[in-house]
Amino acid sequence: MIGPEIDRLIQLLARLPGLGPRSARRAALHLVEKRDILMAPLAEALAEAAANVRACGVCGNFDTVDPCSICADAGRDDREICVVADVASLWAMERAGSFRGRYHVLGGLLSALDGIGPEDLGVARLTARARDSKVEEVILATPATVEGQTTAHYLADCLAGCGVTVSGLAHGVPVGGELDYLDDGTISAALRARRRL
Amino acid sequence: MEWRDEAIVLAVRRLGEGAAVASLLTRTHGRHPGLVRGGQSKAYRGVLLPGNRVDARWRARLADQLGGLRCELVGAHAAAAMDDPGRLAALAAACALCEAALPERQPHEAVFEALLALLDALAAESWPSVYVHWELALLRALGYGLDLSACAATGVPAPPPAAAEGVGRANDELAYVSPRTGRAVSLSAGAPYRDRLLALPRFLVAGGEGDAAEIRAGLALTGHFLDRHVLGPHAIPMPPARSRLVDRFRG
């Protein structure tokens, strides 16, 4: 039989994304078996993260310091702010490594189903940042979904009086994508956004 | 139980990590929900967007179960509207209104046809006028159609579109709508009560396209009756997507 401590561990692990009850049992067993080399360091790392990680007061990114390491990095370009829906999107942009400006995390998208309205997006904080004299462009990197683009258009309206260029990410053929496997909407968007070679 | 039908995606809600619950407006089965396994996958992400036209297959053991859905993209209306804030707002508002106003699993073929026509018309410049007509059609399909055929007070019928085109507003022209009965009132008969009547934009009677002020009046007119008859009695608030569309026409 499984003791209450391990059972609780399994239940908590099962709440993580990507893990169901069966995989949580396997993970728990693995942790128990590798107590010294995995479980103890993991517990220590979790306790440390829980104690120190917080949302950056400037951009909304998660970090152990406030302002976060991106906001505090003097080598980044103050003229550009990239607006993303969540921290996962920020990490995706950072993985790409092609953007060297600042970020702004909205913490969601306008969505009636999820109960997120304009007041939940912290637009005032974004417009205040955009009004900074150093900022020249705000890039709206919201998802290419109806909710994402509705949010982008709403933000573009809010930023209209801030004296900055407002741009959005292009939609089209992904790198390595074959036209035959693309949906009609993506092909249409790519065709509309075609460029001269 | 199993069926295959033409459908338009109205709303999608994530379920767990990979699945989604989609609400579709189908041609013959009305507004119908269903579980889409893998609904958050790359393959489905471009398909399950509100406004997209799909070929839907639904299967369940019993008719009243949620059931499983499989959808194949037929028309990518969402992607076509994404670049234009007004068109995207209209698409989102129409889908949100259908989701809020239509009862589940009751056929509304007229609404399906009208929504399909609206989605096709979003590509045209006259989409704002078409949208207001669509809301009128939605009210009509739900049994709350407005009577814009004649003046409720004098009985004088509306002039034919050809006769009304290009002329100024005459005293017998229909210019108001009673907020209680939904019947049109002429300019002269409604003048003493105009503060209590809703403005009837000219393009709804005479045809053609309305300017921003007329579209605003049209949306106020349909919004009043949608709230009074369709949403209000069920304590359903006006969808935020429609409010954002109305905001786009504010001067």
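Analyst: Helices (H or I, at least four residues) and strands (E, at least two) are DSSP runs, numbered from the N terminus. This is a predicted model, where local features need pLDDT of at least 70 and side-chain atom pairs pLDDT 80 or more, while totals for chains, interfaces and linings use all residues. Residues count from 1 along each chain as written, chains are lettered from A and ligands numbered from 1 in written order, and side-chain values use heavy atoms, without hydrogens or water.

User: How do helices H2 and H3 of chain A sit against each other, parallel or perpendicular?

Analyst: Helix H2 (residues 21-33) and helix H3 (residues 35-52) of chain A have axes 6 Å apart, at about 110 degrees. Axes are lines fitted to C-alpha atoms (for helices, over the stretch in contact), with angles from 0 to 180 degrees between N-to-C directions. Under 35 degrees is roughly parallel, over 145 roughly antiparallel, 65 to 115 roughly perpendicular and the rest oblique. So H2(A) and H3(A) are roughly perpendicular.

User: Which residues of H3(A) make that contact?

Analyst: From H2(A) come His30(A), Leu31(A), Val32(A) and Glu33(A). Contact here means heavy atoms within 4.5 Å. On the H3(A) side, you'll find Arg35(A), Leu38(A), Met39(A) and Leu42(A).

User: Which strands are the edges of the four-stranded sheet in chain A?

Analyst: The sheet is open, with parallel pairing and the order S4-S3-S5-S6. Pairing takes at least two DSSP bridges between two strands. The edges pair on one side only, and they are S4 (102-105) and S6 (165-168) of chain A.

User: What is the bridge partner of Val83(A) in S4(A)?

Analyst: Strand S3 (residues 80-84) of chain A runs parallel to S4(A), and the two pair over four bridges. In S4(A), Val83(A) is partnered by His104(A).

User: What angle does helix H6 of chain A make with S4(A)?

Analyst: Helix H5 (residues 87-96) of chain A packs on this sheet, touching S3 and S4. Helix H6 (residues 123-130) of chain A packs there too, touching S3, S4 and strand S5 (137-140). The direction of H6 makes an angle with that of S4(A) of about 160 degrees.

User: Which strand of chain B pairs with S6(B) over two bridges?

Analyst: Chain B has an open antiparallel sheet ordered S7-S6-S8. Its edge strands are S7 (184-186) and S8 (198-199). Val177(B) has Leu198(B) as its bridge partner. The strand that pairs with S6 (residues 174-177) over two bridges is S8(B).

User: Which residue of chain A meets Arg248(B) in a salt bridge?

Analyst: The chains touch through 23 residues of chain B and 19 of chain A, with two salt bridges between them. A salt bridge puts a Lys or Arg side-chain nitrogen within 4 Å of an Asp or Glu carboxyl oxygen. At 2.6 Å, N to O, the partner of Arg248(B) is Asp157(A).
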